[in-house]
Amino acid sequence: MVKRITAAYALWALGGPFGLHHFYLGRDRHGLLWLLTLGGFGFGWIRDLIRIPAYVREANRDAKTQNRMYNDALPPPVNPVRFIGQVCVGIYFGLVALIGLRSLAFFHLIVLPLCVGAGVHLVSTVGRHTSDLPKTLKASLLTAPIFYGSTLAPLPISLAASVTATQHRRYKRARTAQPLGLRLCMLSLAWLAFSTPLAYCVLHNTTATLYYLSDCVTALLDMFWFFPWLRSALEYVLLMPYRFLCVVTGGDYYEEAWKKMLEILLLKDYTEEEKKALEVLSLGAQASLEEITRGYRELAKTWHPDHNPSKDAEATFIKIHKAYRLLLQRHRPFR
């Protein structure tokens, strides 16, 4: 069936960030990439505005023309945009793995590099190009032990995998079109494999997820301390989703709106340990961070061993301090 530019642009406008125009053109891996990254983090979706005519022409070429193109003996030219995309998506897949799969055994040695390598390979197989999957995964696995346990480990792993994928790039061989049912089945399985661990982690451990994301953003921004203007620009881009949520919660971009947004996302019932901590500080369940801090300071002055000669003073002071630290950890995003 002949593909039409008008239909492709209509799908781009209606569901471009979800890859609808790529699925229409038979570019399933490109569509899957857009689906998992919301249109290549938005930038790829905008770039498609000028790329769609070329995609349509490619989709409409006959099989004979595709055979001559795809079986070219020379490797494809190096594409900086594709390389940057490989690095970014590899890091993205690594962060998703850190959020949803970190509890698995041998995570940093096996699971994390495999996830990063899969993200890099997905980008390398978009369009007419492909790469050597085993060699890409091997590069990831060899790099992972060097950065074992590091928060920024996905970055060097993704760089190593991207360089390897670029070195072993080649044109795809032409294939016959797959049945629609098989295409949908494969795409559904890929989507479930990506989203299920992340969804489980977000739904069952929202606070820890946001803590980790906060730590990753902070570590990334700290790398640009010597370029304040670049750090500010990068911070603005990374915090755009939070600003959007601030708008959703009915506030502006200032402190009170941030607190309101985080309260909606994070606050949940106290655990038994936290309830005991509130009892130690003589506070109720609705106590704010300011009330918790004020109550801790008052009790600390009363029970500090330097000011209280009682035999139980030291033990009570330690108990008060531990209770405060526990409650402070719960309210850490609001500091």
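Buried means under 20% relative accessible area, exposed over 50%, and partly exposed in between (1.4 Å probe, protein chains only). By that rule R27 is buried, with a relative accessible area of 11%, and E58, at 15% relative accessibility, counts as buried too.

A word on the model: it is predicted, local features need pLDDT of at least 70, side-chain atom pairs count only at pLDDT 80 or more, and totals for chains, interfaces and linings use all residues. Residues are numbered from 1 along each chain as its sequence is written, and side-chain values use heavy atoms, leaving out hydrogens and water.

Now to the charged pairs. A salt bridge here is a side-chain nitrogen of Lys or Arg within 4 Å of a carboxyl oxygen of Asp or Glu, and the count comes to two. Helices are DSSP runs (H or I, at least four residues), numbered from the N terminus.

| Salt bridge | N to O distance | Places linked |
|---|---|---|
| R27 and E58 | 3.5 Å | loop between α2 and α3; helix α4 (residues 43-60) |
| R183 and D28 | 2.6 Å | helix α10 (residues 180-204); helix α3 |

Each pair links distant parts of the chain: R27 and E58 are 31 residues apart, while R183 and D28 are 155 residues apart. Both R183 and D28 are buried.

Helix α15 (residues 272-280) has two sides worth a look. E274, A277 and L278 are buried. After α15 comes S282, with a positive phi near 60 degrees.
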